[in-house]
Protein chains: 2
Amino acid sequence: MNKTELAATIDHTLLGPTATRAGVEKLCGEAAGFGTASVCVDLRHAATARRALGGSAVKLCVVVGFPHGMTSSSGKAFETSEAIAAGAEEIDMVIPIGAAKEGDFEAVRADVAAVCAAARRGPRPVILKAILETCLLTDDEKEKAARAAVEGGADFVKTSTGFSTGGATVGDVALLRRVVGPKIGVKAAGGVRDTATALAMLKAGATRIGASRTADILAGLDESPRP
Amino acid sequence: MNKTELAATIDHTLLGPTATRAGVEKLCGEAAGFGTASVCVDLRHAATARRALGGSAVKLCVVVGFPHGMTSSSGKAFETSEAIAAGAEEIDMVIPIGAAKEGDFEAVRADVAAVCAAARRGPRPVILKAILETCLLTDDEKEKAARAAVEGGADFVKTSTGFSTGGATVGDVALLRRVVGPKIGVKAAGGVRDTATALAMLKAGATRIGASRTADILAGLDESPRP
């Protein structure tokens, strides 16, 4: 895999309370330079990112219900509609993790379905990723939450927000890939900071990487395709 | 100060991704027993808490834009309306912390004002608390953010979410009290886990305490009023 191919799997990410407009603009410039799949930002910065991406092929990914997932389903749907109105082409939502801890996977499915319905009302196709926050779940809960997310309409399951007690692990990525089968995406996010880790996630079954240290991840690879 | 008086200053709190309905029901029972000012829960659990509180005098406090504050202002207003429809009497919103880091305190004011407007559209008076996340701000930013929150209509400024790099400090509580004057509330939240700390916060100018370890905080005090 060369640098261009790896970059195309990365959601170049700047999230959280201290993210500024200037930081988001820098992120977008970097993403266009690297050729990442998307930039991933908070809803507050969606319009800034859309403007900064300009005519670039980099998609705009916006998080919803982030990072705890414990707002209402209708609140998440509202955020989704706003994100899409601001130009989002991908939505990374957090499932109601507490519902998974209660064993109420129907509530997880319904929550994802509410966001999916909002996404489908938009004017363009939207990729929906459901963040499970695997570090807070047992393996059984991970499996059931992933199934519920797919039943609710998620195009991807995603390991982590990057704001909890742990990030993506090779074991969790492999578990999710086994559970969701070959047609659903798996995004490894949280703590993916170097080339070796990123490649290990892809080998384990990830089809997308969430990362802020994209430059470090790409630094370990050649520019041009291998012969 | 006796146990009853201290309890009346406390928002008994269960927030975050792993909070379950059973946990919220237990919280509400405890709050009624202690006689706390409120229970503080995520929007997902607002209706559960309202039912569990029944006819108790304990208020229902719901968090909005929690814990990063980086969703849209209209998203926070939407959550506020939903929380009030579910019975919330107090709203603890997170300011757009990134806007404070940009020095854009007009954006902070406008964000609080949007939530305040939504709260005022409800059928009953609502107490609005603006969470500044003081651990992420310089003293100058704390001061300007507090002023902006009050200008936006906040009834209280609150130090912390409990989910960042630090919680309430006596110094920050004193700073906020000095900035907002005597008529606005100051809520000390995050890391207040024992009687001495709670009393120190009140002495520094806090008028409300956010705590999950309410039993431990109250354990250090007498049941009955001192003569």
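First, the ground rules. This is a predicted model, in which local features need pLDDT of at least 70 and side-chain atom pairs count only at pLDDT 80 or more, while totals for chains, interfaces and linings use all residues. Residues are numbered from 1 along each chain as its sequence is written, chains are lettered from A and ligands numbered from 1 in the order in which they are written, and side-chain values use heavy atoms, with hydrogens and water left out.

Start with chain A. Its secondary structure comes to 10 helices and 8 strands. Those are DSSP runs numbered from the N terminus, with helices being H or I of at least four residues and strands E of at least two. Along the principal axes, the C-alpha atoms of chain A fill a box of roughly 45 × 35 × 30 Å.

Of the 227 residues of chain A, 58% count as buried. Buried means under 20% relative accessible area, exposed means over 50%, and partly exposed is in between, using a 1.4 Å probe and protein chains only. As for contacts, meaning heavy atoms within 4.5 Å, residues 24 or more positions apart account for 69% of those in chain A with a separation of 6 or more.

Now one helix. What does α8 of chain A pack against through its buried residues? Helix α8(A) covers residues 170–180, and its buried residues are A:D172, A:V173, A:L175, A:L176, A:R177, A:V179 and A:V180. They pack against α7 (139–152), β6 (156–158), β7 (185–189) and α9 (195–204) of chain A. Just after α8(A), A:G181 takes a positive phi of about 75°.

On to backbone geometry. Most residues other than glycine have a negative phi, and most peptide bonds are trans. In chain A, phi of A:E133 is near 55°, a positive value in a residue other than glycine. A:E133 lies in the loop between β5 (127–131) and α7, and is buried at 2% relative accessibility. In chain B, phi of B:E133 is also near 55°. B:E133 sits in the loop between β5 (127–131) and α7 (139–152), with 1% relative accessibility, so it counts as buried.

Then the peptide bonds. A:F66 and A:P67 are joined by a cis peptide bond, with omega about 0°, and A:P67 lies in the loop between β3 (59–64) and α4 of chain A. A cis peptide bond with omega about 0° joins B:F66 and B:P67 as well; B:P67 lies in the loop between β3 (59–64) and α4 of chain B.

Next, A:E89, in the loop between α4 (73–85) and β4 (90–94) of chain A. Is A:E89 buried or exposed? With a relative accessible area of 18%, A:E89 is buried. Beyond its neighbours within four places in sequence, A:E89 is in contact with residues including A:R50, A:L60, A:R124 and A:I127. The C-alpha atoms of A:E89 and A:E151, 62 residues apart along the chain, are separated by 21 Å.

In chain B, look at B:K187, in strand β7 (residues 185–189). At 0% relative accessibility, this lysine counts as buried. Its side chain joins that of B:D11 in a polar contact of 2.7 Å. A polar contact is a pair of N or O atoms within 3.5 Å; within protein, one must be able to donate a hydrogen and the other to accept it, and residues adjacent in sequence count only if both atoms are side-chain atoms. Leaving aside neighbours within four places in sequence, B:K187 also contacts, among others, B:D92, B:K129 and B:R208.

Rolling a probe the size of a water molecule over the atoms shows where empty space is left. A cavity is a set of points on a 1 Å grid over the protein atoms alone where a 1.4 Å probe fits but cannot get out, and lining residues have an atom within 4 Å of a point. The count is 1 cavity of 30 Å³ or more, and about 220 Å³ of space lies in the largest cavity. Of the 21 residues lining the largest cavity, A:G65, A:F66, A:E79, B:F66 and B:E79 lie nearest its centre.

Definitions and conventions
On a 1 Å grid over the protein atoms alone, a cavity is a set of points where a 1.4 Å probe fits but cannot get out, and a pocket is an open set with protein on both sides within 12 Å along at least five of seven lines; lining residues have an atom within 4 Å of a point. Grid points are joined across faces, edges and corners, and a volume is the space filled by probe spheres set on the points.
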